[in-house]
Amino acid sequence: MPKPTAFELPLKDSTPALFRPARSNDLERIKQGFELMSPESRYLRFFAPVQRLPEDSLRQLQTIDQRSHVAWGAIDLSAPQVPGIGLARFQQLEQSGIAEMSFVVIDAYQRRGVWTVLLGILYLEAAVRGICTLRANILPENRVPISKPRELGALVSDKGGTYQVDLIVQKDLSLLPQASFVQTFRQTIKKIRGRLCPQEVV
Ligand SMILES: CC(C)(COP(=O)(O)OP(=O)(O)OC[C@H]1O[C@@H](n2cnc3c(N)ncnc32)[C@H](O)[C@@H]1OP(=O)(O)O)[C@@H](O)C(=O)NCCC(=O)NCCS
């Protein structure tokens with residue numbers, strides 16, 4: 001398994017950003033990042049109006065091993081006072097070829113392409129591990145993380161209260177459907193692929 005490497009990539013608005021695997025000592029940084037999330041983002045991420053990082057999330061964050069539980073974060077290199085701007089992770093489900101993913105970008109940095117890069121990283125990290133499906137559970141009103149994966153060919157099913165979004169990990173990106181987000185996603189993968197697992201996704 002190639003060792004994941006940190007890399008710098010400017011955001012859409014040219015903000016210099018560092019993307020790197022999360023480390024065990026990032027917990028404090030993640031807690032501080034949570035404080036910068038709006039009530040709406042907290043609700044969309046945790047499905048409840050939480051005031052602090054939920055205990056089960058804290059416990060899960062402690063199991064990140066970059067093998068079956070992979071997590072990457074993003075940092076604004078021009079704003080050292082900001083603990084982190086986004087976090088995305090997946091956890092492999094037992095022997096199913098499926099991994100459950102979650103992601104968040106703090107409000108002040110949304111719509112600058114952070115998630116697109118983090119999703120690209122998870123996609124490549126999944127491909128290298130033989131994971132076929134990245135699964136996210138999303139509230140129905142949370143349009144973007146449903147519609148954008150759907151453009152990438154994700155299967156969306158109503159689970160009563162949440163939508164299950166199953167993003168199939170294609171090793172050949174030319175198999176992705178024709179859709180505008182696919183172009184962006186392909187370009188993003190092209191930028192980051194060489195740093196992660198060049199042989200796995202073409
Ligand atoms: C969903 C979320 C991760 C998106 O992060 P982001 O960094 O803003 O997303 P990006 O900037 O990479 O945008 C990706 C695409 O979605 C579009 N988009 C993002 N936010 C949008 C919004 N509020 N309205 C319309 N389009 C939006 C972008 O335009 C882009 O599409 P394009 O490339 O075709 O133009 C972020 O809004 C978030 O953290 N929400 C709260 C947590 C959450 O919902 N997590 C999901 C449950 S695990």
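1. In what order do the strands of the open sheet of 8 strands lie? The order is β1-β2-β3-β4-β5-β6-β8-β7, and the pairing is mixed. The edge strands are β1, residues 7–8, and β7, each of which pairs on one side only. The model discussed here is a predicted one.

2. The overall make-up comes next. The chain contains 6 helices and 8 strands.

3. The C-alpha trace spans about 40 × 40 × 35 Å along its principal axes. Of the 202 residues, 31% count as buried. Taking contacts between residues at least 6 apart in sequence, 63% join residues at least 24 apart.

4. One end of the sheet can be followed strand by strand. Strand β8 pairs with β6 in the antiparallel sense over 6 bridges. Strand β8 also pairs with β7, residues 155–158, again in the antiparallel sense, over 4 bridges. Val165 of β8 shows both pairings: it is the bridge partner of Ala136 and the bridge partner of Val156.

5. Strands β7 and β8 form a hairpin with 4 residues between the strands. In this hairpin, Gly160 takes a positive phi near 70 degrees.

6. Next, the nonpolar core. In soluble globular proteins, nonpolar side chains tend to be buried together. In this chain, the largest nonpolar core has 45 residues. The residues with the most contacts inside this core are Leu118, Leu122, Tyr123, Ala126 and Leu134. The elements that give two or more residues to the core are β2 (17–21), β3 (69–76), β4 (86–92), β5, α4, β6, β8 (163–168) and α6. Helix α4 gives the most, with 11 residues.

7. Which residues does Leu122 contact, leaving aside its neighbours within four places in sequence? They are Ala88, Phe90, Met101 and Leu134.

8. The model also holds a ligand. It is surrounded by 23 residues, and the closest are Leu44, Val105, Gln110, Trp115 and Thr116. Two or more residues of this shell come from each of α2 (39–46), β5 (98–105), α4 (114–128), β6 (133–138), α5 (144–151) and α6 (180–196). The largest share, 4 residues, comes from β5. By residue class, the shell divides into 11 nonpolar, 8 polar and 4 charged.

9. A last point concerns Leu27, which is found in helix α1, residues 27–35. Is Leu27 buried or partly exposed? Leu27 has 15 C-beta neighbours inside 10 Å, so it counts as partly exposed; a buried residue would need 20 or more. Leu27 and Leu58 are 31 residues apart along the chain, and their C-alpha atoms are separated by 8.0 Å.

How values were computed:
Residues are numbered from 1 along each chain as its sequence is written. This is a predicted model: local features need pLDDT of at least 70, side-chain atom pairs count only at pLDDT 80 or more; totals for chains, interfaces and linings use all residues. A residue is near a molecule or strand if its C-beta atom, placed from the backbone, lies within 6 Å of it. Ala, Val, Leu, Ile, Met, Phe, Trp, Tyr, Cys and Pro count as nonpolar, Asp, Glu, Lys and Arg as charged, and the others, Gly among them, as polar. A residue is buried if 20 or more other C-beta atoms lie within 10 Å of its own, exposed if 12 or fewer, and partly exposed in between; C-beta atoms are placed from the backbone. Two residues are in contact if their C-beta atoms, placed from the backbone, lie within 7 Å. A nonpolar core is a set of buried Ala, Val, Leu, Ile, Met, Phe, Trp, Tyr and Cys residues joined through C-beta atoms within 7 Å. Two strands pair if DSSP finds at least two bridges between them.
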